[in-house]
Amino acid sequence: MEDSHFFRTARSQRKHSSSMVTCDNLECYMVLTDAEKTAIGSICFLAGPVTLLENALVLAVIAATATLRQRPSYLFIGSLALADVFASCFFTTSFLDFHLFRRSDGPNAYLFKLGGVTMAFSSSVGSLLLTALDRYLCIHQASSYKVLLTRRRALLSLLILWSATIFISFLPLMGWRCPTVLTPPCSCLFPYINQEYQACWTSFILVLLALILGAYALILLKAHRHESSMTSLQGATGTGHARMRMDIRLARTFGLILLILVGCWLPALSFMLADFSVVLTHTQKRAFAFCSTLCLVNSAVNPLLYALRCRELRIALMQLLHRLCLIGRCKKSTEESTPGFTSTEDNNCIAISEDEMSRTRTTRLNSVSEVVNHQELNITK
């Protein structure tokens with residue numbers, strides 16, 4: 001009762017303070033100085049294209065490799081890459097358009113752009129949760145993993161995720177917006193946004209982040225128990241002490257993942273929660289603008305943490321690049337041959353390279369899959 005009374009009091013005080021704030025147009029939200037515009041513009045112009053190229057490359061490799069398309073793990077990674085592609089496009093264009101070029105859109109146009117950004121980041125965090133749950137099932141339910149998480153169930157979970165995030169993200173456009181528009185504004189950070197919606201979305205993202213942290217904590221606990229049992233069986237002079245323990249390696253990897261995830265998201269979410277109870281100053285608004293670019297940085301780092309660390313995907317990438325190089329060389333040789341003369345050798349080059357690459361890709365990926373599956377089964381024993 002006391003907590004609820006405290007929040008009601010804080011909200012009433014916040015509303016009383018905001019009632020004295022007037023905002024005739026969107027320029028009251030454009031708080032960046034010229035130096036800050038240059039800094040944020042540099043971050044967006046650098047991180048935006050890099051994020052787009054990295055995630056587009058991951059999507060291309062998964063789409064071009066039949067073996068990867070059948071694996072639920074890579075479907076989740078593909079969903080993450082797709083969400084980060086949207087984030088690089090929607091966030092970079094709308095953020096620069098608003099803060100640097102000072103474009104003042106109407107309520108519907110602004111909420112549509114903001115809905116695209118919200119959808120991209122929500123789907124990105126949701127895909128990270130599905131990836132964490134996939135790894136959790138792989139470790140804790142290794143014997144029945146392939147039965148529990150089939151390709152059909154993975155696709156169904158992705159359909160539910162994207163449907164939910166699209167619906168939630170465009171709720172302001174569908175009517176859940178600030179009833180007073182800009183006189184006075186409801187939120188100090190986003191024009192036309194209802195504060196209750198902002199608090200609900202922020203809480204939703206925080207719940208997803210908490211579930212991700214919990215899933216990785218359980219994975220580390222399972223790995224630690226496995227290593228402890230293996231160490232006791234092998235003895236102090238066993239080979240397990242000749243190299244770094246598996247649970248320590250996992251702790252370092254997951255620690256890096258979670259540090260980047262929390263470090264990129266928590267600052268912006270903290271400002272959004274604070275906006276629900278207090279009136280933010282211009283300095284805090286400018287700090288929020290910088291913190292929001294960290295979410296884009298997280299989308300740029302995701303392919304390096306989740307996709308390119310996978311050996312199978314790296315092998316598929318190298319094979320795809322090698323195949324493209326072979327096709328390019330063969331086409332170049334065909335163009336340089338005598339006009340009107342059919343180059344049988346070049347045609348055979350294309351046919352043989354495609355056939356050989358197909359057999360090589362299937363053989364190598366199957367062997368890697370068997371090794372990975374064998375290791376996963378050993379972990380659970």
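**Figure 1. The second largest cavity has a volume of about 30 Å³.** The model shown here and in the other views is predicted. Nine names make up the view of the lining: N55, V58, I77, L80, A81, D84, N302, P303 and A307. By class, the lining of the second largest cavity holds six nonpolar residues, two polar and one charged.

Figure 2. A search of the whole structure turns up two cavities of 30 Å³ or more. For the largest cavity, 36 residues form the lining. Closest to its centre are Y110, L114, V117, F190 and F288. Five helices each supply at least two lining residues: α4 (72-100), α5 (107-140), α8 (195-234), α9 (246-274) and α10 (282-307). The top contributor is α5, with eight residues. The lining of the largest cavity divides into 24 nonpolar, seven polar and five charged residues.

**Figure 3. Helices α4 and α10 pack with their axes 10 Å apart.** The angle between α4 and α10 is about 150°. Angles over 145 degrees count as roughly antiparallel, and α4 and α10 are therefore roughly antiparallel to each other. Their crossing is left-handed. On the α4 side, the contact is made by I77, L80, D84, A87, S88, F91, T92 and F95. On the α10 side, A289, S292, T293, L296, S299, N302, Y306 and A307 take part. The contact of α4 with α10 has nine nonpolar, six polar and one charged residues. Several residues here also line the second largest cavity, among them I77, L80, D84, N302 and A307.

**Figure 4. Helices α2 and α10 have axes that come within 9 Å.** The two axes cross at roughly 25°. That makes α2 roughly parallel to α10. The crossing of α2 with α10 is left-handed. From α2, the contact draws on E36, A39, I40, I43, C44, A47, G48, T51, E54, N55 and V58. From α10, it draws on R286, A289, F290, T293, L296, S299, A300, P303, L304 and A307. By class, the contact of α2 with α10 has 13 nonpolar, five polar and three charged residues. N55, V58, P303 and A307 are among the residues that also line the second largest cavity. On α10, residues that meet both α2 and α4 include A289, T293, L296, S299 and A307.

**Figure 5. Helices α5 and α7 (residues 151-169) cross at roughly 150°.** Their axes come within 9 Å. The pair α5 and α7 is therefore roughly antiparallel. The crossing of α5 and α7 is right-handed. Along α5, the contact residues are G115, T118, M119, S122, S123, G126, S127 and L130. Along α7, they are S157, L158, L161, W162, T165, I166 and S169. The contact of α5 with α7 divides into six nonpolar residues, nine polar and no charged. Helix α5 also gives the most residues to the lining of the largest cavity.

Note on methods: Residues numbered from 1 in each chain as written. Predicted model: local features only at pLDDT ≥ 70, side-chain atom pairs only at ≥ 80, totals over all residues. Heavy atoms only, no water. 1 Å grid on protein atoms, 1.4 Å probe; cavity = no way out; pocket = protein on both sides within 12 Å on 5 of 7 lines; lining within 4 Å. Points joined across faces, edges and corners; volume = space filled by probe spheres on them. Helix = DSSP H or I, 4+ residues; strand = E, 2+ residues; numbered from the N terminus. Nonpolar A, V, L, I, M, F, W, Y, C, P; charged D, E, K, R; others polar. Axes fitted to C-alpha atoms, helices over the stretch in contact; angles between N-to-C directions. Parallel < 35°, antiparallel > 145°, perpendicular 65-115°, else oblique. Left-handed = near helix turned anticlockwise from the far one by under 90°. Contact = heavy atoms within 4.5 Å.
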